[in-house]
Amino acid sequence: MVDAVLLVLREVLEAALMFSLLLALSRQYELRLVWSLWALLIGVLGSWFLAHNAYAIADALEGTGQEILNAGLYAVVALSFILLALMLMPQLYKQETLQRLSLSLLFVIIVSFSLMREGSEVWIYLSSFTQKPDALTSALIGAIIGTGIGLSLGAITYYLLVFMRRQFFLPTFLVIATLLAGGLSMQIAKQLLQIGLLDSAEPLWDSSFIVAEQSWLGELLYALLGYDAQPTPIQIIFYGAAIAPILLAGLFLVVQAVVGGVWRKRDQNHD
């Protein structure tokens with residue numbers, strides 16, 4: 001049962017945190033929530049479809065279909081978070097009109113693609129017990145507990161963010177979005193390493209003696225940061241490549257604001 005709790009918690013927690021984050025953003029900027037219904041509908045149907053065709057997907061592309069698919073789903077979500085952060089960043093310095101339709105479309109992509117991958121893993125795991133009634137009961141109870149914990153942490157995240165003042169909310173959101181994009185990019189590299197499309201190397205470090213990946217804290221860090229206790233150099237390169245556009249855009253806006261302030265002060269002195 002403990003294995004079921006941890007496995008389902010890992011799959012549910014990541015999707016729940018993303019969903020809560022985007023719901024809080026919608027509430028803060030008074031966006032319509034109809035996107036959430038489409039995201040859940042597409043995500044649940046997509047996860048069922050992927051689980052139903054799991055064997056065909058796994059056998060595709062000379063046995064690398066599942067890893068390629070996972071890397072693709074991770075990549076779409078990571079790129080969506082990068083684009084979302086870049087679209088929101090100007091709001092830090094001036095209130096520009098939000099492109100609500102574009103934001104809603106990104107929300108649907110992030111939640112539905114994340115739910116497809118995470119949900120299909122849960123479907124596949126539980127279906128493996130259908131021929132073992134005794135084990136199925138234990139797995140279902142574990143799955144319910146894991147789902148409950150994951151949704152509870154998602155709800156806590158939502159209420160912490162939704163009642164935050166907007167000037168604090170947006171920087172917090174951008175930091176979390178950056179961390180999520182970086183963590184997802186590490187998972188892309190991990191999938192490609194597993195099938196030999198990237199060269200493997202010795203891990204840069206081993207932090208499992210501090211936080212084990214299978215511990216409760218490890219699962220939480222995995223969902224938020226893509227935590228890997230033994231990351232390889234290529235995973236760190238992927239992480240850096242994912243967060244670089246957001247950091248550079250933030251640096252550009254800071255420089256632009258500072259230079260603009262200097263010029264305004266200079267003009268006032270001349271007047």
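Analyst: Helices are DSSP runs (H or I, at least four residues), numbered from the N terminus. The buried residues of α2 fall within an arc of 125 degrees when seen down its axis, so they line one face of the helix; the arc is that of the directions from the helix axis to the C-beta atoms.

As to sources, this is a predicted model, in which local features need pLDDT of at least 70 and side-chain atom pairs count only at pLDDT 80 or more, while totals for chains, interfaces and linings use all residues. Residues are numbered from 1 along each chain as its sequence is written, and side-chain values use heavy atoms, with hydrogens and water left out.

User: Which residues of α2 are buried, and which exposed residues does the face turned away from them carry?

Analyst: Buried means under 20% relative accessible area, exposed over 50%, and partly exposed in between (1.4 Å probe, protein chains only). The buried residues of α2 are Trp-35, Ser-36, Ala-39, Gly-43, Gly-46, Ser-47, Leu-50 and Ala-51. On the face turned away from this buried side are the exposed residues Leu-37, Trp-38, Leu-45 and His-52.

User: Which residues form the nonpolar patch on the surface?

Analyst: Patches are made of residues with over 30% relative accessible area and no salt bridge; like charges are joined within 9 Å, and nonpolar side chains (Val, Leu, Ile, Met, Phe, Trp, Tyr) within 5 Å. Accessible areas come from the Shrake-Rupley method with a 1.4 Å probe, and for residues only the protein chains shown count as cover. Here Val-34, Leu-37, Trp-38, Leu-41, Ile-42 and Leu-45 form such a patch, with about 600 Å² of accessible area together. Ile-42, in helix α2, counts as partly exposed at 34% relative accessibility.

User: What does Met-116 touch, leaving out residues up to four places away in sequence?

Analyst: Contact means heavy atoms within 4.5 Å. Met-116 lies in helix α5 (residues 100–127) and is buried, with a relative accessible area of 13%. Met-116 touches Ile-42, Gly-43, Gly-46, Ser-47 and Leu-50. Another case is Ser-80 in helix α4 (residues 65–88), which counts as buried at 6% relative accessibility. Leaving aside neighbours within four places in sequence, Ser-80 is in contact with Leu-106, Ile-109 and Ile-110.

User: How many salt bridges does the structure hold?

Analyst: A salt bridge is a side-chain nitrogen of Lys or Arg within 4 Å of a carboxyl oxygen of Asp or Glu. The structure holds 3. Glu-118 pairs with Arg-117, the closest N and O atoms being 3.0 Å apart, and both residues are buried. Arg-117 also meets Glu-121 at 3.8 Å, N to O; these two lie in helix α5, 4 residues apart, about one turn of the helix.

User: What distance, N to O, separates the side chains of Asp-228 and Lys-190?

Analyst: Their side chains meet in a salt bridge at 3.4 Å. Asp-228 lies in the loop between α8 (216–225) and α9 (233–270) and Lys-190 in helix α7, so the pair ties together parts that are 38 residues apart in sequence. Asp-228 is buried, with a relative accessible area of 7%, whereas Lys-190 is partly exposed at 24%.
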